[in-house]
Amino acid sequence: MREIRTFFKYVIPSIFSFALSGVYAIVDGFFVGNSIGDIGISAINVAYPISAVLQALGTGIGMGGAVYYAISKAEKKETQARKFTAGAMWLLLITSVMLTIITFFLATPLLRLLGAEGELLSLGKEYIAIIALGAALQIIGTGMIPFIRNHGDSFYAMMSMVAGFITNIILDRLFVWIFHQGVAGAAIATIIGQGVTFLTALIYMLRYKQFTLNIPVSNIASISKKLLK
């Protein structure tokens with residue numbers, strides 16, 4: 001019975017967190033669609049795969065690092081655990097910089113590849129340009145969540161996601177419906193919401209001394225290879 005309670009203690013918040021992380025674009029689409037019509041929601045939808053890739057990479061790197069962190073902790077290898085944490089943080093930072101540059105400067109060809117043309121392309125580019133500038137908040141924020149969960153605070157990890165999601169809803173209504181900022185307002189609301197998740201996760205990592213960038217240069221390649229795998 002104790003094992004079952006422990007299982008659901010981690011699984012339910014994790015499922016809820018993943019569900020929330022995947023509906024930012026749905027919320028943006030709802031507000032934009034009810035503000036500027038079909039072309040607005042179509043722009044959000046055509047741009048969604050790009051945003052989803054940013055989130056997926058952050059989650060994947062964070063999850064890879066958190067798994068190795070948990071295994072090392074269980075084996076009482078504290079130094080090794082911190083190396084995996086540091087390696088993941090560096091990889092998240094590097095990935096954030098690379099994807100910010102790629103997404104911002106290649107927004108037009110990427111959207112064309114996804115089928116956007118004309119006004120749809122223009123609105124999609126407006127949305128993605130802002131999302132790209134806040135890519136680090138999304139990638140690093142979602143990347144830290146698995147570490148918090150594997151440190152034993154699955155509820156806090158879930159509430160970090162909830163805080164960002166609620167912020168996004170409130171600001172979507174404010175920027176899109178009240179200030180009439182359109183897709184740009186929706187994108188700004190999204191990155192601020194992701195910024196809230198980033199800040200709450202970072203506060204936890206710093207408070208419990210889980211955040212570190214201290215890793216020997218000679219270990220970076222091997223650690224990164226394991227995390228990416």
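This report walks through a predicted model of the protein, from confidence to cavities, aromatic pairs and backbone angles.

## How confident is the model?

Let's begin with the scores. The average pLDDT of the protein is 92, and 99% of the residues score at least 70. Confidence is lowest in helix 1 (residues 2-21), where the mean is 76. At the other end of the range, helix 5 (residues 107-113) has the highest confidence, at 97.

A word of care for anyone zooming in: where pLDDT is low, the predicted coordinates should not be read in detail.

## The cavities

A search of the whole structure turns up three cavities of 30 Å³ or more. The largest cavity holds about 90 Å³ of space. Its lining is made of 11 residues, and those closest to the centre are Phe18, Thr59, Thr142, Ile145 and Arg149.

Which helices supply at least two residues each to the lining of the largest cavity? They are helix 1, helix 3 (38-74) and helix 7 (135-150). Helix 7 gives the largest share, with four residues.

## Aromatic pairs

The model contains nine aromatic pairs. One of them joins Tyr156 and Tyr204, whose ring centres are 4.9 Å apart; their planes meet at 40 degrees, so the pair counts as tilted. This pair links distant parts of the chain, with Tyr156 in helix 8 and Tyr204 in helix 9, 48 residues apart. The two partners can also be set side by side by accessibility: Tyr156 is partly exposed, at a relative accessible area of 29%, whereas Tyr204 is buried, at 3%.

Tyr204 also pairs with Tyr208. Here the centres are 4.6 Å apart and the planes are at 40 degrees, another tilted arrangement. Tyr208 has a relative accessibility of 36%, so this residue counts as partly exposed. Elsewhere, Phe30, Phe31 and Trp177 form one aromatic cluster.

## Helix 9 and the loops on either side

Helix 9 (182-207) is the helix that holds Tyr204, and there is a loop to look at on each side of helix 9. The helix has 26 residues. From its first C-alpha to its last, helix 9 reaches 38 Å, close to the 38 Å expected at 1.5 Å a residue.

Most residues other than glycine have a negative phi. Which residue in the loop between helix 8 (154-178) and helix 9 is worth a look? It is His180, which has a positive phi of about 55 degrees although it is not a glycine. His180 counts as exposed because its relative accessibility is 60%, and the cut-off for exposed is over 50%.

Is Lys209 buried or exposed? With a relative accessible area of 62%, Lys209 is exposed.

How values were computed
Residues numbered from 1 in each chain as written. Predicted model: local features only at pLDDT ≥ 70, side-chain atom pairs only at ≥ 80, totals over all residues. Heavy atoms only, no water. pLDDT = per-residue confidence, 0-100. 1 Å grid on protein atoms, 1.4 Å probe; cavity = no way out; pocket = protein on both sides within 12 Å on 5 of 7 lines; lining within 4 Å. Points joined across faces, edges and corners; volume = space filled by probe spheres on them. Buried < 20%, exposed > 50% of the residue type's maximum accessible area, 1.4 Å probe, protein only. Phe/Tyr/Trp six-rings, centres within 6.5 Å; stacked < 30°, edge-to-face > 60°. Expected span 1.5 Å × (residues − 1).
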